[in-house]
Amino acid sequence: MSARFDSVPNRRALIDRRGVAERLAALEAKDETALRKAGTAELRIALDAGRAEIARRLAEHPSRGLEAAAAGAFLTDQLLRLLWDFTVERLHRNSNPTAAERMTLLAVGGYGRGEMAPHSDIDLAFLTPWKVTGWSEQVIESMLYSLWDMQLKVGHSSRSLDEMVRQAKSDVTVRTALLEARYVWGDTELYDQAAARFRQEVQADTARNFIADKLAERDARHKRMGDSRYVVEPNIKEGKGGLRDLHTLFWIGKYAYNVREPAELVAAGLLSAQEFRQFQRAENFLWAVRCQLHLITDRAEDRLTFDVQREIAERLRYSDRPGKSKVERFMQFYFLQAKMVGDLTGVFLAHLDEKFAARGSRFGFPTLFRSPRKLNGFTLDRGRLAIPRDGFLAEKPVRLIELFHLADLHGLEIHPLAMRAAARDARLAERVRDDDQANALFLDVLTSPRDPETVLRWMNESGVFGRFVPEFGRVVAQMQFDMYHHYTVDEHSIRAIGLLNQIEKGELKEDHPLASQIFQQVVSRRVLYCAVLLHDIAKGRGGDHSVLGAEVAERLCPRLGLSAAETENVAWLVRWHLLMSATAFKRDLSDFKTILDFAEHVQSPERLRLLLILTIVDIRAVGPGVWNGWKRQLLGNLFESAEEVLRLGHKQKGRGERVAAKQEALASALGWEPARMAALNKRLTEPYWIAEPLDVLERNARLVDAAGNAALSVEAQVYPERGATLVTVYASDHPGLFYRIAGAIHVAGGNIIDARIHTTRDGMALDNFLVQDPLGRPFDEDARLNRLKASIGDALANRTKLSDRLKTKPLSRPRADAFTIEPNVLIDNKASNRFTVIEVNARDRPALLYHLAHALFQSKVTIHSAHVATYGERAVDTFYLTDLIGDKIEGASRLKAIERRLLDAASGDGSVAQAA
């Protein structure tokens, strides 16, 4: 019996094998099929009872993950032994088996290791001495049918000894599965023969190749899973720092050193006793989470999604703390364990490297051929920065920072044994926090023109970063429980530094032409790098993280060696790091007061440049798919408008001049004769000319011209500059037009990200919508564009009842249900001189804009523009409104009534207003 099962207490309570065997022996049936069914039913009862007992124990002791995993494997062992005996004694009795009819049953894969989550697959191998005989085939088939009838997922193979050896040699996956093979039942002599042949014919002298294959497999898996152990919805089995990484260590140890149990890794010298305790703690925790995950979802689920994180945190008995919810505390502990797995992997590879790697080449690392001269006592070990003796860092703690500084300066990999020493001695970094040399070295690494992201990540992995900058230590592994942020706070900040470095080097010119260009004009590089590092430093403390972060910056920057002026700028950038994105994405940039208010806040062109670059890297570092062409366009427009104000003072070019300039440019683009152009100019109002860019003006003019006297004309075309589709509706204006169009666009599968609503002087509505599909991409297929146009046409001509169509649309993001967002309505009469600005914060859901627009229609107000921003599960919709005669809405009771209606619409359960 596996030593793993020693951890399972009171095993008979899981299954009384003797009792079940007696009940199976007592079964009678008219034929073999009926007997097999009766036997399967009896085993199913035992399986359900055993599973219920495991679940009860896990509820009682939720953190005993290894015990629960071992109990699952033990229960499966007993059931398979009972089924084997029942099959060979009652169903396919063979009283005198030949030598060829000997057979053994092996557990392989995770089940072979003696670990099973409640819904794990059962991996089995049936082994025969030679080719499978007719009797053996009957037994295997009967057993498999019984297991399938018990609703178990079974992975199986039947091989002869020769086939086993041949396939194990040629396929590393088969070899890995057999490496963990464990005897379950059957012929023991055959099992011993198989184990001996595997060692002699497959394993011998192939350790080096096996290690290389496993590491390549691991790297490919990490890439597939997001290549960070700090993804906020991690895969607990396959992700970086997950169970599969621990398994890889054990496989390699088992293959290269013949260890049978993880505890033997210590005797083999691969891990210290302390490191093995860390290995066990990480493995136990990951198994506890995985077992809970299977029980909650009632399936083999390994992705720790938002909708289950809260429940697992409750089951593992986490509680809320000031500034940190129970789910954030649970996930922080998860990420710390994943980090621990990463540290153990590094140490493990170092030992293997010493023993197995050929001279000059190393496992898992690129080969570097540079030999820097001045290493201040540090040494080089086959191209890696190493320490001359174990106590080298502790003798002079400033070396903890110098290690990373030299690695950056000379482009060197750090030897894993040096990383191990740094991790062990990391707490000594606390002693040199006020050391001028240590702070200067750290600032050099942070602002390095080479590769600061990689070196800071190493520094963070070792624990030195969090000890040296305790404020950063507080956000290590700090997750943000929302659907917007993909990474933990520390990983997000380090990724942002990497992006900043790439922009400075000109490597992202195509994605960020404006930022790459203005970086050359930035005077205060150090300010920018420090602000990027510190912008989220106060997350998880309760209160506004921008305000608290600015206070951290004021304390920390002088320590790092920044001047008073530099410190003031860093603190200002941290305090206002969300200002530019909030203005660009939630306000109307064609309203000049928006630009004036923003410029008044920023006050200097240098701060404007710094703020733009900080905003871009902050958004980009949130995760894949968050940055898009639409955001680039909005931020670019705001930057250019604000720069003009800061350069020329608060003088707006006369509105008349700007309108005339646009009309002239449009005439030139269209090539129309003056009379035709004058007719168009006369119909369109001044705000329209101010609000729309030239390319939209041109598209609108051609649409209006082609429509003639038609009552309705709809145009939809891809707008690649904005990463969206421009939908223009030209129709007779009437109340409720906007909410009908919004509903129709949703019915066609679109998300509105921006809307501008105009009325011509002769009573026609000319509305421009920017629309994306649910994945944030433009509608670009003809069939979808035609469906979009037809949907709007049907809604405006009342050919379809919108409310019915909307009810049939499925919820697009069920995971958003995991989050509680209280709807909030903010009314601002100071943000614009001409309009009342209303901002609605709510949980994002399908057709939200339709519901809000319908509430505004019922409130008898006119919508002039709508701006839609989404941050994961949170939507922020901003409307620029007037009353029906075009004035601001001032009356307190009227504003209160609008607020109430919008709150009702925002908090709706998805029921559709009966208005269409």
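**Entry 1: Glu 42**

I started with Glu 42, which I found in helix 2, residues 32-60. I kept in mind that this is a predicted model. Is Glu 42 buried or exposed? Its relative accessibility is 16%, so Glu 42 counts as buried. The cut-off for that word is under 20% relative accessible area. Next I looked up what Glu 42 touches. Leaving out residues up to four places away in sequence, I noted Arg 23 and Leu 24.

**Entry 2: the whole chain**

I stepped back to look at the chain. I read off 39 helices and 15 strands. The C-alpha trace spans about 105 × 80 × 50 Å along its principal axes. The chain has 916 residues, and 57% of them count as buried. I also checked how far apart in sequence the contacting residues are. Among contacts with a separation of 6 or more, 73% join residues 24 or more positions apart.

**Entry 3: Val 347**

I moved to Val 347, which lies in helix 14, residues 326-356. Val 347 has 5% relative accessibility, so I wrote it down as buried. Which residues does Val 347 touch, not counting those up to four places away in sequence? I listed Leu 270, Glu 275 and Arg 420. I then took a distance to Arg 159. Val 347 and Arg 159 are 188 residues apart in sequence. From C-alpha to C-alpha they are 38 Å apart in space.

**Entry 4: Arg 834**

I found Arg 834 in a loop, between strand 12 (824-828) and strand 13 (836-843). Its relative accessibility is 40%, so Arg 834 counts as partly exposed. I took a distance here too, this time to Ala 49. Arg 834 and Ala 49 are 785 residues apart in sequence and 71 Å apart in space, C-alpha to C-alpha.

**Entry 5: helix 35 and helix 38**

I wanted a pair of packed helices. Two packed helices are described by the angle between their axes and the distance between the axes. I took helix 35 (residues 737-747) and helix 38 (residues 848-858). Their axes come within 8 Å and cross at roughly 165°. Angles over 145 degrees count as roughly antiparallel. Helix 35 and helix 38 are therefore roughly antiparallel to each other. The crossing is left-handed.

Which residues make the contact? From helix 35 I noted Phe 738, Tyr 739, Ala 742 and Gly 743. From helix 38 I noted Leu 849, Tyr 850, Ala 853, His 854 and Phe 857. I sorted the contact by class and got seven nonpolar residues, two polar and no charged ones.

**Entry 6: helix 24 and helix 26**

I looked up another pair, helix 24 (residues 525-534) and helix 26 (residues 564-575). The axes come within 9 Å and cross at roughly 40°. Helix 24 and helix 26 are therefore oblique to each other. Helix 24 passes helix 26 in a right-handed crossing.

On the helix 24 side I listed Arg 526, Val 527, Cys 530, Ala 531 and Leu 534. They meet Glu 566, Asn 569, Val 570, Leu 573 and Val 574 in helix 26. By class, the contact holds seven nonpolar residues, one polar and two charged.

**Entry 7: cysteines**

A disulfide is a covalent bond between the sulfur atoms of two cysteines. How many disulfides does a search of the whole structure find? The count is zero. For Cys 530, the closest cysteine sulfur is in Cys 557, at 5.1 Å, which is too far for a bond. The cut-off is within 2.5 Å. Cys 530 counts as buried, because its relative accessibility is 1%. I checked Cys 291 as well. At 2% relative accessibility, Cys 291 counts as buried.

**Entry 8: positive phi**

Last, I looked at backbone angles. Most residues other than glycine have a negative phi. I noted Asp 298, which is not a glycine but has a positive phi of about 60°. Asp 298 is in the loop between helix 12 (273-297) and helix 13 (306-315). With a relative accessible area of 57%, Asp 298 is exposed.

Arg 382 is in the loop between strand 5 (379-381) and strand 6 (384-386). Is it buried, exposed or partly exposed? Arg 382 has 27% relative accessibility, so it counts as partly exposed.

Key
Residues numbered from 1 in each chain as written. Predicted model: local features only at pLDDT ≥ 70, side-chain atom pairs only at ≥ 80, totals over all residues. Heavy atoms only, no water. Axes fitted to C-alpha atoms, helices over the stretch in contact; angles between N-to-C directions. Helix = DSSP H or I, 4+ residues; strand = E, 2+ residues; numbered from the N terminus. Parallel < 35°, antiparallel > 145°, perpendicular 65-115°, else oblique. Left-handed = near helix turned anticlockwise from the far one by under 90°. Contact = heavy atoms within 4.5 Å. Nonpolar A, V, L, I, M, F, W, Y, C, P; charged D, E, K, R; others polar. Buried < 20%, exposed > 50% of the residue type's maximum accessible area, 1.4 Å probe, protein only.
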